[in-house]
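Q: Could you take me through this structure slowly, giving the general idea behind each feature before turning to the case at hand?

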Amino acid sequence: CACQTIKSNLTTIREKGRRDYHIVFICEGLCYAVYDGNEYVLKSGDFIIYPPNIYKKSAFNDKGKYLWIHFAGRAVNEILEEAGLSFGVHRALSSPAAVKANFESLISYFHGTQNSRLSYSFLKLLYNLSKIESNSLQVSENISKTISYINSNFERKITLDKLADISGYSKSRFMSVFSKETGMTPIKYLNKLRISCAAELLASDGQSISEIAFACGFDDSLYFSRAFKKAYGMSPSEFREKNK
C-alpha cells in the first residue's frame with residue numbers, strides 16, 4: 001500500500017491482473033480505468049476495486065495522485081459484502097481527506113512494526129470507503145504530522161531537519177519519539193516506503209530501473225539497487241522479470 005504521485009503520463013496494463021485484490025483511490029487528477037470491458041473516468045474521491053486475475057488498464061494523462069493497496073485473504077468477498085462494497089467503480093461517501101487519513105494510518109502500520117493493527121486499520125478503510133466515518137492516526141499528533149508528510153512526499157528530497165520542524169521537536173527528540181512510536185527510524189520508514197512503491201512500478205510500468213528509482217525518491221540508482229535487493233532478496237531487474 002502507498003500514496004503514488006504522477007508527474008507525467010502513465011499507463012499501466014496487466015493482461016491477467018494479479019493474484020490478489022486491488023483497490024485504487026484517486027486523490028487528485030483524472031484516471032482513465034478499464035473494468036469488465038468498460039472505460040471509466042475516475043476523479044478525486046472515486047475508487048475502483050479489482051478482484052484477482054482480471055484485466056487491468058489505468059492511465060493518467062496528466063499530473064495526479066492516487067492511493068493503492070493490494071490484499072488477500074480467505075474471507076475477502078464476505079468482508080466486502082458486509083461493508084457494502086462490490087467489485088468495480090465507486091464514489092466514496094467519505095471525504096477524500098478522511099479516506100487519505102485512513103490510508104496513511106494503514107501505510108504507517110504496514111511499513112512499521114505495528115502489524116497487530118493492520119487488520120483493524122484495513123477493515124476501517126473498507127468501511128470508510130462506503131460510509132462517513134472519522135479516522136485518526138494511532139500515534140501522537142506530532143508524529144502523525146510527519147508520517148502524513150512522508151506518505152505524501154516520499155518521492156521528494158526529505159531531510160530530518162524538515163521532519164523535525166514539522167513535528168515541533170528538536171532533531172534528536174524527534175528521532176527518539178518517532179522510533180519509539182513507529183518501531184523504526186524516520187529514514188528506515190522513508191526508504192521502506194520508497195522501495196515498496198518502486199516494487200509496484202517495476203511490476204506494472206515500462207520505465208527504466210533508474211527512472212523508477214528517481215521517481216520514488218532515490219537519487220542514486222546503485223544505492224537503490226542495493227537497498228531493493230536487501231529488502232526483496234533479488235535485484236530490481238530480477239524482480240521485474242519475475243513479476244512481468
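A: Let us begin with contacts: two residues are in contact when they have heavy atoms within 4.5 Å. In this predicted model, residues 24 or more positions apart account for 72% of the contacts in the protein chain with a separation of 6 or more. As to the ground rules, residues are numbered from 1 along each chain as its sequence is written, and side-chain values use heavy atoms, with hydrogens and water left out. Because the model is predicted, local features need pLDDT of at least 70 and side-chain atom pairs count only at pLDDT 80 or more, while totals for chains, interfaces and linings use all residues.

Q: How many helices and strands are there in the protein chain?
A: Helices (H or I, at least four residues) and strands (E, at least two) are DSSP runs, numbered from the N terminus. The protein chain has ten helices and nine strands. Its radius of gyration, taken over C-alpha atoms, is 18 Å, close to the 18 Å that the globule rule (2.2 Å times the number of residues to the power 0.38) gives for 244 residues, so the chain is as compact as a globular protein of that length. Along the principal axes, the C-alpha atoms fill a box of roughly 55 × 40 × 35 Å.

Q: What percentage of the residues of the protein chain count as buried?
A: A residue is buried under 20% relative accessible area, exposed over 50% and partly exposed in between, with a 1.4 Å probe and protein chains only. Of the 244 residues here, 51% count as buried. One example is Ser-196, which has its place in helix 7 and counts as buried because its relative accessibility is 10%. Leaving aside residues up to four places away in sequence, Ser-196 touches Cys-1, Trp-68, His-111 and Tyr-232.

Q: How many cavities does a search of the whole structure find, and which residues lie nearest the centre of the largest cavity?
A: On a 1 Å grid over the protein atoms alone, a cavity is a set of points where a 1.4 Å probe fits but cannot get out, and lining residues have an atom within 4 Å of a point. Grid points are joined across faces, edges and corners, and a volume is the space filled by probe spheres set on the points. The search finds two cavities of 30 Å³ or more, and the largest holds about 180 Å³ of space. Of the 14 residues lining that cavity, Thr-12, His-22, Val-24, Ser-58 and Glu-200 lie nearest its centre. Strand 7 gives the most to this lining, with four residues.

Q: What is the volume of the largest pocket, and which element gives the largest share of its lining?
A: A pocket, by contrast with a cavity, is an open set with protein on both sides within 12 Å along at least five of seven lines. The largest pocket has a volume of about 720 Å³. It is lined by 29 residues, and those closest to its centre are Arg-14, Arg-18, Ala-203, Phe-239 and Asn-243. Helix 7 supplies the largest share of this lining, seven residues.

Q: Which element gives the largest share of the lining of the second largest pocket?
A: That pocket holds about 310 Å³ of space, and its largest share, five residues, comes from helix 9. Helix 7 and helix 9 (221-232) each supply at least two residues of the lining, which includes Lys-188, Tyr-223 and Tyr-232.
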